[in-house]
Amino acid sequence: MGQIQLKQVTKSFGDVQVIPPLDLTIQDGEFTVFVGPSGCGKSTLLRLIAGLEDITTGHIEIDGQDATDVVPAKRGLAMVFQSYALYPHMSVRKNIAFPLRMAKLNQAEITKRVERAASVLNLTDYLDRRPGQLSGGQRQRVAIGRAIVRDPAAFLFDEPLSNLDAALRVGMRLEISELHKRLETTMVYVTHDQVEAMTMADKIVVLQAGVIEQVGTPLELYHTPRNTFVAGFIGSPKMNLMTGDEAAKHDAHTIGVRPEHIDVVESGGQWQGTVGVAEHLGSDTFFHIHNTGLAETMTVRAIGDVNLKHGDTIHLAPRVDEIHRFDADGLRIA
Amino acid sequence: MSRTVTKQRKMITTAAAWTIGLIIFFPIYWTILTSFKTEAQAINDPPLFFAFDWTLENYALVQERSDYMKFLWNSVIIAGGSTILGILVAIPAAWSMAFVPSKRTKDVLLWMLSTKMLPAVGVLYPISLIFVEFNLLDTRGGLVVVLMLINLPIIVWMLYTYFKEIPGEILEAARMDGATLKEEILYVLTPMAIPGIASTILLNFILAWNEAFWTLNLTAANAAPLTAFIASYSSPEGLFFAKLSAASTMAITPILILGWFSQKQLVRGLTFGAVK
């Protein structure tokens with residue numbers, strides 16, 4: 001079991017309130033991702049759940065029990081840190097065994113569980129090494145191993161992949177997702193990378209300045225962003241946001257169209273501009289377009305290899321039913 | 001061109017370092033040398049460097065007149081005891097200042113250091129009174145406590161600096177893994193800070209070993225350590241430089257040997273965090 005509820009939680013550091021009153025329920029077994037730009041309070045929120053920071057007001061409940069004043073060790077949560085936070089003086093075996101030793105399990109049980117975790121994470125050959133002798137990916141796996149051995153109520157991940165190189169990051173992302181499918185344990189995952197959020201989450205919580213902008217499944221956020229912030233933050237490349245006459249035509253203050261919802265046409269088209277940079281990925285081509293008169297730079301994704309280069313005129317046809325409309329406050333118009 | 005300049009500069013600094021090193025070492029060298037002279041040769045003018053009759057009689061006399069082992073044992077107990085006690089008090093103190101600092105932490109640290117600016121004699125009277133009141137005069141226990149308190153600011157400061165270098169996330173990880181505060185300090189912080197703790201222990205042991213003000217003022221016969229052993233060969237006996245030197249040599253030899261074997265550790269600990 002691992003349901004986590006935040007009720008009217010606030011956090012202040014001195015006079016600065018970093019989290020205004022916030023309510024959130026994370027369901028048992030759910031993979032929840034906190035995403036937002038750096039400094040948005042997502043890590044602080046995770047640390048409040050962990051108990052590493054005290055909340056200023058409000059309540060935290062874990063499985064219906066008030067955990068507000070419970071020390072981290074007693075909350076039954078496991079955490080994976082960005083810096084891995086492995087114990088450098090202990091072998092991999094001892095690192096993974098540490099939570100079990102603290103729980104006063106007997107040696108036979110500890111050995112059994114450590115070996116099981118090691119085999120799940122492909123660490124069996126490294127059990128007697130020190131963290132300093134491992135690569136970044138292996139260290140991250142040890143940190144995960146240390147988290148899974150004691151069957152926590154929930155896992156907390158604090159930007160666990162940001163210290164890894166790009167290729168490894170994709171691999172570890174899949175491993176963590178698979179681990180979640182296998183364990184079916186609640187996971188709360190903090191990242192600033194919206195691709196990680198989209199690919200891993202059951203539920204995404206988008207934060208800005210300590211405020212929850214929107215909570216929903218990845219596709220809900222993609223298809224119906226509640227405001228311009230979420231619209232601009234979720235999706236890669238970013239949604240094109242435009243104001244002015246073009247928005248007024250749609251009875252809105254701001255309109256947004258995702259790069260993949262604008263077609264490149266041979267001639268005509270509603271909009272046109274000149275190609276600034278064309279990024280040819282083979283499967284797709286991303287055009288960064290200037291001089292549209294609508295936005296400083298517009299990004300458009302074309303399927304396959306489209307042969308346009310810097311300085312060429314490009315004709316664009318946005319898909320009318322995929323245009324998002326927002327009012328003057330930046331809120332979505334239904 | 002620049003290479004030769006560097007080379008030249010290197011030679012100059014090396015020569016300077018050696019000169020300073022030799023100047024610092026000279027008194028110790030002279031003490032050891034004098035201990036092998038007769039009393040007459042010891043005060044010979046001009047001073048004798050090598051051309052004298054080497055003799056061990058000073059050592060024999062010193063050992064005959066006073067029980068070296070008893071003083072040595074007292075030194076070991078007092079220096080060792082005050083160091084261990086100090087470390088036990090300082091680790092939790094430094095932990096709290098390094099990892100859960102408050103607004104006043106810096107003030108507390110400075111205040112502790114400021115006690116070292118007070119001349120020891122300033123508190124001689126109150127401390128003597130306390131010693132008399134609690135029957136601590138000339139006891140090893142009393143000296144262990146006093147020397148521990150005298151050196152505590154240095155121990156706390158040193159440990160605080162080492163602990164500051166340890167990433168807080170590792171301790172948080174221990175907390176998340178279910179470690180109590182005691183277990184966190186015992187199984188995670190202390191082993192990680194071993195180089196720092198070791199050099200703190202060594203330095204503090206050396207300071208306590210050489211401490212002379214309190215050991216001379218608060219002891220008589222029972223608890224007197226090696227500092228008192230040396231002092232007993234100074235004024236009351238007249239000018240017996242050779243015997244005094246022999247006593248000094250015997251007193252500093254153990255700490256010299258300890259220092260020699262642990263110099264690597266000591267340097268590494270003292271420059272901990274300076275190069276990274």
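1. To start with a detail of chain B in this predicted model, helices H5(B) and H7(B) cross each other in a left-handed sense. On the side of H5(B) the contact is formed by B:Leu109, B:Met112 and B:Leu113, and on the side of H7(B) by B:Pro153, B:Val156, B:Trp157 and B:Tyr160.

2. As for the geometry of this pair, H5(B), which covers residues 105–114, packs against H7(B) at an angle of about 140°, and the two axes lie 9 Å apart. Angles over 145 degrees would count as roughly antiparallel and those from 65 to 115 as roughly perpendicular, and the two helices are therefore described as oblique to each other.

3. The largest nonpolar core comprises 147 residues, and the residues with the most contacts inside it are A:Met79, A:Leu156, B:Ala94 and B:Leu159. Helix H7 of chain B, spanning residues 140–164, is the element that gives the most to this core, contributing 14 residues. From chain A, the core takes at least three residues from each of domain 1 (4–230) and domain 2 (237–326).

4. A closer look at A:Leu156 shows that, once its neighbours within four places in sequence are set aside, this residue is in contact with A:Leu46, A:Ile49, A:Ala50, A:Leu77, A:Met79 and A:Val188.

5. Turning to chain A as a whole, its secondary structure amounts to nine helices and 18 strands, and its C-alpha atoms fill a box of roughly 75 × 45 × 35 Å along the principal axes. Of its 334 residues, 43% count as buried, while 64% of the contacts between residues at least 6 apart in sequence join residues at least 24 apart.

Conventions. Residues numbered from 1 in each chain as written. Chains lettered and ligands numbered in written order. Predicted model: local features only at pLDDT ≥ 70, side-chain atom pairs only at ≥ 80, totals over all residues. Core = buried A, V, L, I, M, F, W, Y, C linked by C-beta atoms within 7 Å. Buried ≥ 20, exposed ≤ 12 C-beta atoms within 10 Å, placed from the backbone. Helix = DSSP H or I, 4+ residues; strand = E, 2+ residues; numbered from the N terminus. Domains from an automatic or database assignment. Contact = placed C-beta atoms within 7 Å. Axes fitted to C-alpha atoms, helices over the stretch in contact; angles between N-to-C directions. Parallel < 35°, antiparallel > 145°, perpendicular 65-115°, else oblique. Left-handed = near helix turned anticlockwise from the far one by under 90°.
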